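Thanks for coming. Please have the sequence and the 3D view open while I talk.

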Amino acid sequence: MLEIENLTVEIGGRTVLRNLSLGVLDGYTSVLFGPNGSGKSSLLMTIMGFGDYRVKEGRIMFKGEDITKMPLHDRAKLGIGILMQRPPNLVGVKLRDLVRVAGKDKVDPESIAGPLQMTPFLERDVNVGFSGGEIKRSELLQLSAQDPCLYLLDEPESGVDLESIDRVGKAVKELLNGKRGCAGKRSMDGKSALIITHTGQILDYVEADRAYVMCNGTITCSGNPRELLQEIRERGYEECVRCKILQIS
Ligand SMILES: Nc1ncnc2c1ncn2[C@@H]1O[C@H](COP(=O)(O)OP(=O)(O)O)[C@@H](O)[C@H]1O
Ligand SMILES: [Mg+2]
């Protein structure tokens, strides 16, 4: 589904990703761990195609196509969707209208807002005055309408209270197991996800097959998600550098 090869990316004159490679298989979920500032969000923003992130080297392949230079909206049409860590407030844009556009007028906003307990928010401006949990659910609602093949989820559980984590977790699970098929294609399987998680709580809801650890703009470790999380909890991220040495040797 996704293959990133030797990616080096700059933003604001700073190199934030260095020679980074990773892959997400068709129908599988990978999680990405890493300390603050290691470049996790930058990676997802680059895969989505936000213009500030300048690819200096390497390439991004999606379903066998080189999308490295493709504009963001074309990537969205191809089936990439993102839940941003800090999405902007859209003053003057009603959530209902955004959901309608994301679903290309084929999705009934009410029917998908209901399960996410977002119906009362459809008439409100996107994210304006929303709580942490409501923002995540608003993002998930837009993703649900878009129905992408590849879900890029940037810390879906951060800034969310415990009760909302349960809702958000279940909603993510539901989306990834959803049977509507990816936008543009009628294939019923093959939904993939790359999920950034700080706490690993999302692993209670989603079956992930592989985890990557990112430090200083590059992948330093990969392995079984639960095992890696356990190691990070016990020893912190300093060990990741050692892991890289072990991988290379
Ligand atoms: N617009 C920008 N201009 C300059 N530096 C940026 C910009 N956006 C992010 N960065 C820097 O890139 C680094 C990685 O940030 P980020 O990808 O948000 O990390 P993470 O998500 O792992 O916490 C940080 O040092 C951050 O300050
Ligand atoms: Mg981040």
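The mean pLDDT of the chain is 90, and 92% of the residues reach 70 or more. Which element has the lowest mean pLDDT? That is helix 8, residues 238–248, at 63. The highest mean, 98, belongs to strand 8, residues 125–126. Where pLDDT is low, the predicted coordinates should not be read in detail. Keep that in mind when you look at helix 8, given its mean of 63.

Now helix 3, which runs from residue 95 to 102. Its buried residues are Leu95, Leu98, Val99 and Ala102. Why do they sit on the same side of helix 3? Because they cover an arc of only 100° around the axis. The general rule is that an α-helix has 3.6 residues a turn, so residues three or four places apart point the same way. What do the buried residues of helix 3 pack against? The partners are strand 7 (90–94), helix 4 (109–113), strand 8 and helix 5 (132–146). Just after helix 3 comes Lys104, with a positive phi of about 50°.

Next, ligand 1. There are 13 residues around it, and the closest are Gly12, Val16, Lys40, Ser41 and Ser42. Strand 2 (14–24) and helix 1 (40–48) each supply at least two residues of this shell. Helix 1 gives the most, with three. By type, the shell has two nonpolar residues, eight polar and three charged.

On to the core. In soluble globular proteins, nonpolar side chains tend to be buried together. Here the largest nonpolar core has 65 residues. Leu140, Leu152 and Ile195 have the most contacts inside it. Take Leu152: leaving out residues up to four places away in sequence, it touches Leu44, Ile47, Met48, Ile80, Gly81, Ile82 and Leu194.

Last, two residues in loops. Gln117 lies between helix 4 and strand 8, and Asp147 lies between helix 5 and strand 9 (150–154). Gln117 is not a glycine, yet has a positive phi of about 55°. Asp147, also not a glycine, has a positive phi of about 55°. Are they buried or partly exposed? Gln117 has 15 C-beta neighbours inside 10 Å, so it counts as partly exposed. Asp147 has 24 other C-beta atoms within 10 Å, so it is buried.

That is the tour.

Conventions:
Residues numbered from 1 in each chain as written. Chains lettered and ligands numbered in written order. Predicted model: local features only at pLDDT ≥ 70, side-chain atom pairs only at ≥ 80, totals over all residues. pLDDT = per-residue confidence, 0-100. Helix = DSSP H or I, 4+ residues; strand = E, 2+ residues; numbered from the N terminus. Buried ≥ 20, exposed ≤ 12 C-beta atoms within 10 Å, placed from the backbone. Arc of directions from axis to C-beta. Contact = placed C-beta atoms within 7 Å. Near = placed C-beta within 6 Å. Nonpolar A, V, L, I, M, F, W, Y, C, P; charged D, E, K, R; others polar. Core = buried A, V, L, I, M, F, W, Y, C linked by C-beta atoms within 7 Å.
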